[in-house]
Amino acid sequence: MEYRCVQCGFRIKTLFVQYSPGNIRLMKCVNCKAVADEYIECELMGLLWKSLVGFLVLDAYRSLLVKKPEEEWATSMSISSIFWIYRKMLMDVFLGNYMFLCSFLFAIRSLLKTSAQFSRFRDLLLAVLISSYFKILLTALMVWEFPPAVIYIIDLFVLSSNTVALKVITKSTMNRCIGACFIAHAIKFCITQAFA
């Protein structure tokens, strides 16, 4: 493995020395005298939790956009009707994503013929969360008015991005990755539409 300094691009032998689990010392570049790669200290689980929260918040906003047309958002809504809307939205988000994840893992096991160990599961989850970055386009709907079909176009972008991430992680064929992602997204869509 060849490592390079992120500051100057100079070749280095190693990025860190590990004294014990969780106790590392970052190496300095001999050329620029800076830490060769300070990003090694970025904790994967912190990134996973932050990505998960962002994913769920954007999914909740998407659910709100799909479920409630503008004419139903009246200023005189009662507290109970607001509570009912948010309860349905949260159920939609958590149940839909739970079914998505279950069907995604099942489709990976059956179509890609791979078994998901715990570390592999974490990598797959992180790949799905990060590859769903197109959901950030939903924030544009807060500012500008778009037709409702834009939400489904964003969903197609997310599907294609998830497919590419799955192909990179599993090194499987594109057709199988498309099948696995499509099955998971279709089940999530059906589940969320059933509770509409």
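Buried means under 20% relative accessible area, exposed means over 50%, and partly exposed is in between, with a 1.4 Å probe and protein chains only. Keep those cut-offs in mind for this talk.

This is a predicted model: local features need pLDDT of at least 70, side-chain atom pairs count only at pLDDT 80 or more, and totals for chains, interfaces and linings use all residues. Residues are numbered from 1 along each chain as its sequence is written, and side-chain values use heavy atoms, with hydrogens and water left out.

Start with the layout. The protein has six helices and four strands. These are DSSP runs, numbered from the N terminus: helices are H or I with at least four residues, strands are E with at least two. In order from the N terminus, the elements go β-β-β-β-α-α-α-α-α-α.

Now the overall numbers. Of the 196 residues, 32% are buried. The accessible surface is about 12,700 Å², and 67% of that belongs to carbon and sulfur atoms. Accessible areas come from the Shrake-Rupley method with a 1.4 Å probe, and for residues only the protein chains shown count as cover. A contact means heavy atoms within 4.5 Å. Take the contacts between residues at least 6 apart in sequence: 61% of them join residues at least 24 apart.

Next, charges. Side chains of opposite charge can pair when their charged atoms come close. A salt bridge here is a side-chain nitrogen of Lys or Arg within 4 Å of a carboxyl oxygen of Asp or Glu. How many salt bridges does that rule give? The count is five.

Glu-2, Arg-4 and Arg-11 are linked in a salt-bridge network. Arg-4 meets Glu-2 at 3.1 Å, N to O. Arg-11 also bridges to Glu-2, with the closest N and O atoms 3.4 Å apart. Arg-4 is partly exposed at 41% relative accessible area. Glu-2 is partly exposed too, at 47%.

Then move to Arg-62 and Asp-155. Their closest N and O atoms are 2.7 Å apart, in a salt bridge. Arg-62 sits in helix H1 and Asp-155 in helix H5, so this pair ties together parts that are 93 residues apart in sequence. Is Arg-62 buried or exposed? Arg-62 is buried, with a relative accessible area of 11%. Asp-155 is partly exposed, at 23%.

On to Ser-132. This residue lies in the loop between helix H3 (118-131) and helix H4 (140-143). Its relative accessibility is 5%, so Ser-132 counts as buried. What does its side chain reach? The Ser-132 side chain comes to 2.7 Å from the backbone oxygen of Val-128. It also makes a polar contact with the Asn-162 side chain, at 3.3 Å. A polar contact is a pair of N or O atoms within 3.5 Å; within protein, one must be able to donate a hydrogen and the other to accept it, and residues adjacent in sequence count only if both atoms are side-chain atoms. Leave out residues up to four places away in sequence, and Ser-132 touches Phe-55, Val-158 and Asn-162.

Cysteines next. A disulfide is a covalent bond between the sulfur atoms of two cysteines. The cut-off used is a pair of cysteine sulfur atoms within 2.5 Å. The structure holds zero disulfides. Cys-8 is in none; its nearest cysteine sulfur, that of Cys-29, is 3.6 Å away. Cys-32 is in none either, and the nearest cysteine sulfur there, that of Cys-5, is 3.8 Å away. Cys-8 is partly exposed at 36% relative accessible area. Cys-32 is partly exposed at 31%.

Now the surface. Which residues form the nonpolar patch? They are Val-164, Val-168, Met-174, Ile-178 and Phe-182, with about 450 Å² of accessible area together. Patches are made of residues with over 30% relative accessible area and no salt bridge; like charges are joined within 9 Å, and nonpolar side chains (Val, Leu, Ile, Met, Phe, Trp, Tyr) within 5 Å. Helix H5 (149-170) and helix H6 (174-194) each supply at least two of the patch residues. H6 gives the largest share, three residues. Val-168 lies in H5 and is exposed at 56%.

Lys-171 is not a glycine, yet has a positive phi of about 55°. Lys-171 is in the loop between H5 and H6, and is exposed at 70%. Lys-33, also not a glycine, has a positive phi of about 65°.
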